[in-house]
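These are my notebook entries on a structure that I looked up. I record each item in the order in which I examined it.

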Amino acid sequence: MPKLKLNLEIWRQKNPEAQGSFEPYQLSDIDDDISFLEMLDLLNEQLIKSGKAPVEFDSDCREGICGSCGVIINGQAHGPLQATTTCQLYMRHFGDGDTIIIEPWRSKAFPVIRDLVVDRSAFDRIIAAGGYVSTKTGPHPDANSHLIPKPVADQAMDNATCIGCGACVAACPNASASLFTAAKISHLGLLPQGNPERSKRVFRMVQKMDLEGFGNCTNIGECRAACPKEISIDTIAQMRRDYVQALKE
Amino acid sequence: MSYPQVKSFTTVFKKLLIALSGLGLVGFVVVHLLGNLTLLRSDGAAFNAYAAKLESFGPLLAVAEIGLLAIFLIHIVTVLTTKKRNLDARPVAYRQWRSKGGDTPSNLSSRNMAVSGSLILLFLGIHIWQFRFGPGMSQGYIATQGQEQIRDLYRLVVETLKNPVMFLFYSVVMILLGLHLRHGIWSALQSLGMTRSRTTTPLRLLGAILGVLLGVGFLIIPAWIYFGASI
């Protein structure tokens, strides 16, 4: 089994106000079958043993479904693979002797809390601005009581796969949250329960997205390339259609 | 209009303005190119006649010019405010940033719209100063059309573009225009929400082809004059 020797350059920052900097670390004998986060765990064990502060990073499920983890790896959100979260990235995608630069998501709306951990509550506030259905929609409806065309159901479900990891913002050259916001608007608006509040929702969520300090979407599509759930930028066009429709009302 | 407090000048609304004004400018660029193709007729009579015809519209031309100026201003001012927001949105730059590629519109064109746009704006100032407000009949640029005397704009264009510096400047900016439109046309449709999952890829391709064609079309003119035309 190949063993890797790695040179890491990791962003260290004590608190939101502190000036951060990159610190170099060396790791050797890294099994290439471990995950990227397990590699960071090994580094932290060594740091703790030598009495140093471990590198703080977010993770939870470690199976690519919770949206907690996410760092910039050599300039790419969630690393070099498409449709992959950081926790699902394995060391076999790196070579012996590689230098790996690890940075937090960079966005005014995502302030660094410590090291690689950023505060993504701006996303929660966008949801709170309108990403819900206000009426009680009751329990699971009877099968076939609400007929929804398959393509519409698929589109809503594709948008609902968003795990809110923030890679779209991190990868966007403008730090725009348009892919996230559009996905959260569309997964509700396309379905009967979410449709009545569709216009109100798009206005409120877009305005909140702006207030949080995210950038503009300039249709570059880096968000789509970084999205671990491969949410298409078609959903951003859908958000704009909803917006134009809402303007007309 | 039931949500007046939230119908403010949002980023999505601004992108609608940028897209609509951008498409308006694309329309202008198409007409301008078609008119300017008369420069390829080497005696210059066709181009001078075209220019004189435009001049003869008088007040109507002034209205069109003011309208065009307004479209330009909407495009530029709105873009500047969005650019400011984008710069503010990432106060700490990445030490390293690499495109993740894939099937996305991320390319040199789309990531450098501000650079190409700014240089086109600089060009525009020089271009208008050179020709719209450049020397006319009173400075001796006189051609004859039948019995009439008209401005010899053709000679001015040829003299200007025979200058190697101007030829190079015009050529570079026309390449930038092609790159700007390569992303711009499709991007405008995307900003207006006119693309759908089935149409987005073909529209992206068509927009890019049209953009590059317009750039190439405009590139032919300075090259034709620099290497070929004589007065």
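Two residues are in contact if their C-beta atoms, placed from the backbone, lie within 7 Å. I note that this is a predicted model, in which local features need pLDDT of at least 70 and side-chain atom pairs count only at pLDDT 80 or more, while totals for chains, interfaces and linings use all residues. Residues are numbered from 1 along each chain as its sequence is written, and chains are lettered from A and ligands numbered from 1 in the order in which they are written.

I found eight helices and seven strands in chain A. Helices (H or I, at least four residues) and strands (E, at least two) are DSSP runs, numbered from the N terminus. The C-alpha trace of chain A spans about 60 × 40 × 35 Å along its principal axes. Of the 249 residues in chain A, 47% are buried. A residue is buried if 20 or more other C-beta atoms lie within 10 Å of its own, exposed if 12 or fewer, and partly exposed in between, with C-beta atoms placed from the backbone.

In what order do the five strands of the open sheet in chain A stand? I read the order as β2-β1-β5-β3-β4, with mixed pairing. β2 (21-31) and β4 (76-77) of chain A are at the edges and have a single partner strand each, so one side of each lacks a neighbour in the sheet. Two strands pair if DSSP finds at least two bridges between them.

I then followed the pairs. β1(A) and β2(A) run antiparallel and are joined by nine bridges; Leu4(A) stands opposite Ile30(A) in β2(A). β1(A) pairs with β5(A) in the parallel sense over four bridges, and here the bridge partner of Asn7(A) is Thr99(A) in β5(A). Strand β3 (residues 72-73) of chain A runs antiparallel to β5 (residues 99-103) of chain A, with two bridges between them. Ile72(A) stands opposite Glu103(A) in β5(A).

Helix α1 (residues 36-49) of chain A lies across β1 (3-12) and β2 of chain A, at about 105° to β2(A). Axes are lines fitted to C-alpha atoms, for helices over the stretch in contact, and angles run from 0 to 180 degrees between N-to-C directions.

Arg62(A) has a positive phi of about 55° although it is not a glycine, and I located Arg62(A) in the loop between α1 and β3 of chain A. Arg62(A) is partly exposed, with 16 other C-beta atoms within 10 Å. Glu230(A), also not a glycine, has a positive phi of about 55°. Glu230(A) is in the loop between α7 (222-226) and α8 (234-248) of chain A, and is partly exposed with 13 other C-beta atoms within 10 Å.

I noted domain 1 (3-103) and domain 2 (120-135 + 146-248) in chain A; the bounds come from an automatic or database domain assignment. Their centres, taken over C-alpha atoms, are 29 Å apart. In chain A, 12 residues of domain 1 are in contact with 11 residues of domain 2. The side of domain 1 that touches domain 2 has five nonpolar, seven polar and no charged residues. Ala, Val, Leu, Ile, Met, Phe, Trp, Tyr, Cys and Pro count as nonpolar, Asp, Glu, Lys and Arg as charged, and the others, Gly among them, as polar.

I found eight helices and two strands in chain B, in the pattern α-α-α-α-α-β-β-α-α-α along the sequence. Of the 231 residues of chain B, 32% count as buried.

Which elements of chain B give two or more residues to the side that touches chain A? The contact takes 40 residues from chain B and 43 from chain A. The elements are α1 (11-36), α3 (59-89), α4 (108-111) and α7 (164-191) of chain B. The largest share, five residues, comes from α3(B). On this side of chain B I recorded 11 nonpolar, 19 polar and 10 charged residues.
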